Amino acid sequence: MHHDSWSAADHENLTIVRSEKASASGRPAAYPLRHIGFPLQPFFWILRQGTIWVLVVAIAGLNAVASTVPTFRNTGLDVGYLGSQACSGCHPKIYRDYLRTGMGRSMSLPEEPSQLNRVSNPVTIHQPKTDWTFQVYRQGQNLYQSLHKLDSGGKEMFRIVYKLEYVIGSGLNGQSYLVRRDGALFQAPLSYYSRAAQWDFSPGFESSPVGFNRPILPACLACHSGRANPVPQKIGFYQEPAFSELAIGCENCHGPGELHVSERARGLEAPKTGDLTIVNPKRLPGWLADNICMHCHQTGDTRVLNPGKDLSDFRPGTPLNDTLGIFRAPYRRESPPDDDLLEHYSSMVLSRCYQQTKGQLSCISCHSPHSEPGPEDRAAYFRDKCLGCHTRQSCSVAPSQRRQAQDDCAACHLPKRVVKTIAHSALTNHRILARQGQALPEVAFQPSKGLPAVVHVNAVPGQEQRPVPLLTQLQVYGELLSQEPEYQTRYLAVLESLSGTASEHPLVLSALARKAKLEGTPDGDRRTLELLSKAISLGTTSVTDFQDLADLHARAGKRDEAIDVLRQGIALAPFNAGLYKALALQYIQGEHYLKALEIMRRYLTIFPEDEFMRQLLLQAERAPMPQGSPPAH
């Protein structure tokens with residue numbers, strides 16, 4: 001077949017460029033091919049022999065395969081997970097190599113020798129702002145963290161001690177630790193930072209008196225673990241066991257393995273056209289394969305679950321946007337972004353490499369999820385990836401300078417940036433720069449067409465103009481409102497539309513209640529009370545809804561109703577300090593002093609570091625009990 005008969009799409013997707021500029025190593029200068037699930041090395045061998053047309057005809061013959069998206073059979077919610085161990089029998093080398101990667105080490109147990117050896121002696125860190133003292137230490141095969149404070153006379157005012165239950169993080173930058181409190185998981189205040197080889201405060205703890213009170217939410221563990229088991233409708237709580245699989249595993253990228261293992265165990269062979277019982281990201285279009293990575297490596301300004309969806313609903317091989325949307329405000333020309341923390345995909349798509357390959361460059365063009373190069377091999381490994389498209393002659397730096405820098409393409413073109421929100425840490429900037437200071441392309445400043453004034457980061461290609469659900473819009477504009485006040489008009493317009501079409505949704509009811517509350521009128525308070533009561537009856541998980549409704553009941557003289565609402569809130573969020581304080585206050589104002597003392601004591605068992613409450617309780621216990629105090633509620 002003569003090459004003139006090819007379609008325009010054939011040329012766009014498959015043309016070999018700059019083939020006459022072969023690299024010194026013999027590699028062809030070619031743009032990456034669309035992921036078609038076939039090894040490219042044999043084709044490159046043919047090219048090296050000079051038989052370019054043989055390569056082109058072979059690729060053209062595969063074009064139909066490359067342009068279709070296989071429908072994998074394990075993407076349904078009815079297919080079960082088995083865990084990575086089930087994969088190890090048939091794929092032992094991949095399994096062993098993967099366990100050494102960062103994802104394969106995303107979570108672990110603190111009793112491992114590498115963890116215990118870090119704390120041969122106790123480590124003590126003082127926080128001047130609070131005058132609190134933190135320690136991490138070892139007892140036998142367990143690690144512990146503690147928090148205590150001394151009074152002016154050197155007497156210990158309180159001490160909190162928790163055993164470290166889980167290690168979170170691969171250790172590339174550092175590792176944090178989780179503790180369990182009555183079925184809930186919390187981040188420990190001290191983390192280990194690998195680059196500095198030292199213990200220090202966990203991100204955010206260095207400037208805030210958090211103690212052991214930062215709950216670990218399912219959205220965190222959906223990316224850091226293989227599969228977590230949160231308790232529905234209970235903030236920060238997890239079932240026993242908390243994890244079906246601890247570290248990120250095979251099924252996080254390939255989807256649930258039950259169907260695949262079942263058919264192979266029964267001796268059923270995969271058809272020659274390809275195995276559809278398990279997702280193979282290499283057989284997906286680049287953007288759809290990238291969706292698997294984006295699930296954890298792309299944050300944006302806000303991530304919003306679609307109506308009726310849960311984090312566990314996402315299946316590799318399906319658009320991430322079917323489960324959750326990722327959104328951000330358009331970049332401003334006067335203040336372009338300078339922080340790339342988990343903005344890997346949105347940075348990559350702004351690079352010329354991505355744009356000039358028409359999106360054929362993807363995450364797995366450069367990264368193998370199954371293995372990682374060691375520190376001594378990284379420069380050569382990623383240089384080899386670059387030379388799949390470029391030649392050595394493409395680099396304008398003198399060869400002597402390149403050799404001095406170990407020919408490290410990534411060090412120049414994907415520079416590391418210090419992570420502002422995480423001490424002692426750096427991450428790679430994935431906007432592949434031709435030179436430092438290169439301006440952002442025009443597309444970086446343009447909003448999406450499907451959602452006014454917002455960038456829909458993970459919109460499905462070709463469907464960018466599809467309208468975003470109104471419930472999603474409400475959450476997006478509400479989140480961005482805290483950063484950009486100009487979103488208020490759009491937020492209120494969406495809320496007005498939803499007030500007629502989704503007036504039974506807790507999120508809409510909560511938003512309408514906040515709007516009515518701002519009126520500051522008796523009628524506004526009445527409508528706020530009605531709306532919040534309905535939101536709570538329909539299952540809102542907003543702690544603020546319970547606090548606001550209790551306050552309205554109390555101001556209306558309905559103290560018993562206020563107490564009932566606060567108790568409901570505590571059942572939902574039993575580690576929320578504000579709810580206990582509000583409940584104690586209601587008991588005091590209702591002259592239920594014994595009950596107030598009971599709640600204050602209970603509060604201090606949960607938050608012993610609260611010095612103000614400790615002093616208040618001491619005064620209350622010393623004060624004479626008023627005569628004729630009514631019985632406790």
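**Notes on helix packing and aromatic contacts**

1. Helices α24 and α25 (residues 593–606) pack at an angle of about 165°, with their axes 8 Å apart. That makes α24 roughly antiparallel to α25 (angles over 145 degrees count as such). Axes here are lines fitted to C-alpha atoms, for helices over the stretch in contact, with angles from 0 to 180 degrees between N-to-C directions. Helices (H or I, at least four residues) and strands (E, at least two) are DSSP runs, numbered from the N terminus.

2. A word on the basis: this is a predicted model, where local features need pLDDT of at least 70 and side-chain atom pairs count only at pLDDT 80 or more, while totals for chains, interfaces and linings use all residues. Residues are numbered from 1 along each chain as its sequence is written, and side-chain values use heavy atoms, with hydrogens and water left out.

3. Which residues of α24 meet α25? Among them are Ala577, Tyr580, Leu583 and Tyr587, and their partners in α25 include Tyr593, Ile599, Met600 and Tyr603; contact means heavy atoms within 4.5 Å.

4. The axes of α21 (residues 522–537) and α22 (residues 543–555) come within 9 Å and cross at roughly 135°.

5. On to the rings: the structure holds 14 aromatic pairs. Rings of Phe, Tyr and Trp (its six-membered ring) pair if their centres lie within 6.5 Å; planes under 30 degrees apart are stacked, over 60 edge-to-face and the rest tilted. Tyr162 and Phe212 form a tilted pair, 5.1 Å centre to centre with 55° between the planes. Tyr162 lies in strand β5 and Phe212 in the loop between β10 and β11, so the pair ties together parts that are 50 residues apart in sequence. Tyr162 is buried at 19% relative accessible area, and Phe212 is buried at 2%; buried means under 20% (1.4 Å probe, protein chains only).

6. Phe237 and Phe575 are also a tilted pair, at 5.9 Å and 35°. The two sit in loops 338 residues apart in sequence, and both are buried.

7. Lastly, ring pairs link Trp132, Phe134, Phe158 and Phe201 into a cluster.

Technical notes:
Buried < 20%, exposed > 50% of the residue type's maximum accessible area, 1.4 Å probe, protein only. Parallel < 35°, antiparallel > 145°, perpendicular 65-115°, else oblique.
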